[in-house]
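Take a look at the model first, and then we can walk through it together.

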Amino acid sequence: MTRHLFAPLLPLLAAAFPLAAHATNGYFSHGYGARSEGVAGVGIALPQDGLAGAANPAGTALLEDRLDVGLDLFRPRRGATIEGNGAGLDGRYDGDGRRLFAIPSIGWVQPLDERWSAGVAVYGNGGMNTSYDRSPYSAFGVTGRSGVNLEQLFLSPSLAWRATPTQTLGVAVNLAYQRFSADGLGPFSAASSSPANVSGRGTDTSTGAGLRLGWLWQPAPEWRLGATWSSRIHGRFDKYRGLFADEGRFDIPANWGLGVAFDPAPGWTLAADYLVIEYSGVGAVANPIERLAAGRPLGSDGGPGFGWRDVKVLKAGIVQRWSPALTLRAGFSRATQAVPASQTFFNVLAPGVVQNHLTAGFSWASGERTEWSAFYAHAFGKTVRGRQSVPAGFGGGEADVRLSEDILGASWTWRF
């Protein structure tokens, strides 16, 4: 019911907030809000701004009445190399036809009384983009560009309740809007259950809804522990039912995490999160390409996907309140690899392979009610080298996929 009530609103928000693809932990964002992103995305036990509900809705109970408006500039560098292919696909390919993406966000928190707080977060949850001006499939007759574009927008109203002086519970409704398009994938039509719905169908959209639950516990003044869980959100791209498994079904995977924050001395905070993104629960993402050889075409029930594994992320960061006006942040995160070496051929389109992020940021109080924050994040370049990766029906050989990223962001805060 909630999904249908808000379905007309989500496209309007998407028009006002241009979406952008940002593949970091698989295709999820590495964090939400400039302060969290400055500490490598840590946020489960460390609520810092109005986007806190995106990581743990219980965290909004620890914040004052505030509005945070942010913008990230995201620059990925992605590409692929194909070697030993008998069909003429060999070459080094640059997927950076589009180089820069803007990712806006808004977060608002309002304490209702001593025990209840409400919030709303609007943010890009994740995405993926490749744009090969020189198609890796040109030997199969493709002219022009090849690539895909996946974008996700979340609208997440939340409510937090201080159940006891030391324990807080929270719930958020994740209202999700997805967009997808694909071009230059004509050669895959021959391996599809719906050949007319693989490529060049324009932009398709999907809406869905799910829940995020959160918990925070402060066993001592200097310690905070947190946990969060987000349900899977159903989605479908009918225009691309010949590309994605299960006739175009493309769910947003469930995820869960644990967090800890510790204040070792006045003005200092150490924090860490452990996050698991369950890509294996979404057939279009997780099913291996070998299912083609087993007689299951693209788009069929249980058909091939990108072969991704679950991603497990460990994030750690430090916050230092240098002065009443200046706060400094830094962090590092490491994720497990989503893309197995045997699945790189299809992932030429979706090389979500980066694993290590290094971040730094700061906040500056420019007035009694206003504050500016900024951060920089670098995802170190990673190449996954194929191993028995290109199916014999496409000429065999190996496909290597690569990705690196830079993110620069800033936000403005108003305290009411």
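For sorting lining residues, Ala, Val, Leu, Ile, Met, Phe, Trp, Tyr, Cys and Pro count as nonpolar, Asp, Glu, Lys and Arg as charged, and the others, Gly among them, as polar. Applied to the largest cavity, this gives a lining of 11 nonpolar, 9 polar and 4 charged residues. Keep in mind that the model you are viewing is predicted.

A search of the whole structure turns up 7 cavities of 30 Å³ or more.

| Cavity | Volume | Lining residues closest to the centre |
|---|---|---|
| Largest | about 220 Å³ | Y32, G41, A54, A55 and K315 |

The biggest contribution is that of β1, with 5 residues.

Now to the rings. The model holds 28 aromatic pairs. One of them joins F188 and F346 in a tilted arrangement, with 5.4 Å from centre to centre and 50° between the planes. This pair links distant parts of the chain, 158 residues apart: F188 sits in the loop between β6 (167–183) and β7 (204–220), and F346 in the loop between β12 (326–335) and β13 (356–365). Both F188 and F346 are buried.

Elsewhere on your tour, look for a cluster linked by ring pairs, made up of Y27, F28, F180, F237, Y240, F244, F250, Y279 and W308.

Methods. Residues are numbered from 1 along each chain as its sequence is written. This is a predicted model: local features need pLDDT of at least 70, side-chain atom pairs count only at pLDDT 80 or more; totals for chains, interfaces and linings use all residues. Side-chain values use heavy atoms; hydrogens and water are left out. Rings of Phe, Tyr and Trp (its six-membered ring) pair if their centres lie within 6.5 Å; planes under 30 degrees apart count as stacked, over 60 as edge-to-face and the rest as tilted. Helices (H or I, at least four residues) and strands (E, at least two) are DSSP runs, numbered from the N terminus. Buried means under 20% relative accessible area, exposed over 50%, partly exposed in between (1.4 Å probe, protein chains only). On a 1 Å grid over the protein atoms alone, a cavity is a set of points where a 1.4 Å probe fits but cannot get out, and a pocket is an open set with protein on both sides within 12 Å along at least five of seven lines; lining residues have an atom within 4 Å of a point. Grid points are joined across faces, edges and corners, and a volume is the space filled by probe spheres set on the points.
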